[in-house]
Amino acid sequence: MPDFDESIGKQWHEDFQGLMHKARENGCGVDDEFGAQQEIYTKYAENYDNLMNSEVEQYVGFNILANAINEHFADKSFRILDFGCGTGLLGEALHNRNFQNIDGSDCNSGLLKSAGEKGFFKNLYCGRGTANLPTERIYDIICSSGTFFLSRSHPCTEVFPDLIKLIKRGGSLIILTKKSYLDKDYVDWGIVKEMLRKIS
């Protein structure tokens with residue numbers, strides 16, 4: 001991992017949070033936002049882990065989620081998909097809690113390269129949404145930290161039906177996100193209501 005310069009954290013905050021603020025408050029084309037977002041992720045891929053631990057971000061969501069999964073699921077052989085895994089911070093936290101059967105997916109090849117270098121993912125899939133993921137119900141848990149609902153181009157509820165198709169009967173979809181994102185106008189809870197109606 002390259003030595004970390006704290007000034008990079010300030011530049012990251014300006015670049016990424018500036019884009020997210022524009023996307024959430026002012027709106028911009030989803031494809032344009034997605035492209036700009038991916039350029040930023042690629043630019044900072046080598047420093048991403050240090051950025052999340054920096055004074056600027058202080059992001060601990062992956063540890064909170066890993067602790068919750070560890071508390072509620074005793075079977076360490078469960079097959080898990082870290083959806084939107086980035087550089088593998090959540091996957092690494094789960095691995096450190098003795099979960100050994102972890103796959104990861106992300107749409108940014110630069111972040112995935114860093115994830116792969118950590119050496120504990122069984123499989124890594126590159127694609128937007130569920131593109132290029134397996135098509136069978138093979139996962140006991142699909143989990144995600146800090147990926148959903150950030151903006152219109154980030155995964156939202158429209159991905160749920162496709163993710164559910166990858167989860168074994170009785171399995172779990174577990175998402176950690178900020179409560180403030182849940183009321184954004186681009187989050188369609190009608191999709192969830194329809195899913196619940198079908199199984200009720």
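Let's start with the surface: this chain exposes about 10,400 Å², and carbon and sulfur atoms supply 48% of that area. Please keep in mind that we are looking at a predicted model.

While we are on side chains, let's talk about charge. How many positive and negative side chains does the chain have? There are 22 positive and 29 negative ones, and the centres of the two sets lie 7 Å apart.

Next, the overall build. You can find 8 helices and 5 strands here. If you walk along the sequence, the pattern reads α-α-α-α-β-α-β-α-β-β-α-β-α. The radius of gyration is 17 Å, close to the 16 Å that the globule rule gives for 200 residues, so the chain is as compact as a globular protein of that length. Along the principal axes, the C-alpha atoms fill a box of roughly 50 × 35 × 30 Å. And here is a number about how the chain meets itself: among contacts with a separation of 6 or more, 71% are between residues 24 or more positions apart.

Let's see that with some actual residues. Find Arg-24 in helix 1, which covers residues 6–26. Is Arg-24 buried or exposed? Arg-24 counts as buried, because its relative accessibility is 17% and the cut-off for buried is under 20%. Leaving aside residues up to four places away in sequence, Arg-24 touches Leu-150, Arg-152, Tyr-181, Lys-184 and Tyr-186. There is also Phe-149, 125 residues from Arg-24 along the chain, with 10.0 Å between their C-alpha atoms.

Stay with Phe-149 for a moment. Phe-149 sits in the loop between strand 4 and helix 7, and at 2% relative accessibility it counts as buried. Its backbone deserves a look too. Most residues other than glycine have a negative phi. Phe-149 is not a glycine, yet it has a positive phi of about 70 degrees.

Asn-132 does something along those lines: it has a positive phi of about 75 degrees, and it is not a glycine either. You will find Asn-132 in the loop between strand 3 and strand 4. At 57% relative accessibility, Asn-132 counts as exposed.

The loop between strand 3 (123–126) and strand 4 (139–145) also holds Arg-137. This residue is partly exposed, with a relative accessible area of 36%. What does Arg-137 touch, not counting residues up to four places away in sequence? The answer is Ile-164, Lys-165, Leu-166, Ile-167, Lys-168 and Arg-169. As for Asp-162, it is 25 residues from Arg-137 in sequence, and the C-alpha atoms of the two are 11 Å apart in space.

Last stop, the cysteines. How many disulfides does the count come to? The count is 0. Take Cys-143: the nearest cysteine sulfur belongs to Cys-85 and is 10 Å away, whereas a disulfide needs the two sulfur atoms within 2.5 Å. Cys-143 is buried, with a relative accessible area of 0%. Cys-156 is in no disulfide either, and the nearest cysteine sulfur, that of Cys-107, is 13 Å away. Cys-156 counts as buried too, at 1% relative accessibility.

That's my tour, and I'm happy to take questions!

Terms used
Residues are numbered from 1 along each chain as its sequence is written. This is a predicted model: local features need pLDDT of at least 70, side-chain atom pairs count only at pLDDT 80 or more; totals for chains, interfaces and linings use all residues. Side-chain values use heavy atoms; hydrogens and water are left out. Buried means under 20% relative accessible area, exposed over 50%, partly exposed in between (1.4 Å probe, protein chains only). Helices (H or I, at least four residues) and strands (E, at least two) are DSSP runs, numbered from the N terminus. The radius of gyration is taken over C-alpha atoms; the globule rule is 2.2 Å times the number of residues to the power 0.38. Contact means heavy atoms within 4.5 Å. Accessible areas come from the Shrake-Rupley method with a 1.4 Å probe; for residues, only the protein chains shown count as cover. Lys and Arg count as positive and Asp and Glu as negative; His and the chain ends are not counted. The place of a charge is taken as NZ of Lys, CZ of Arg, CG of Asp or CD of Glu.
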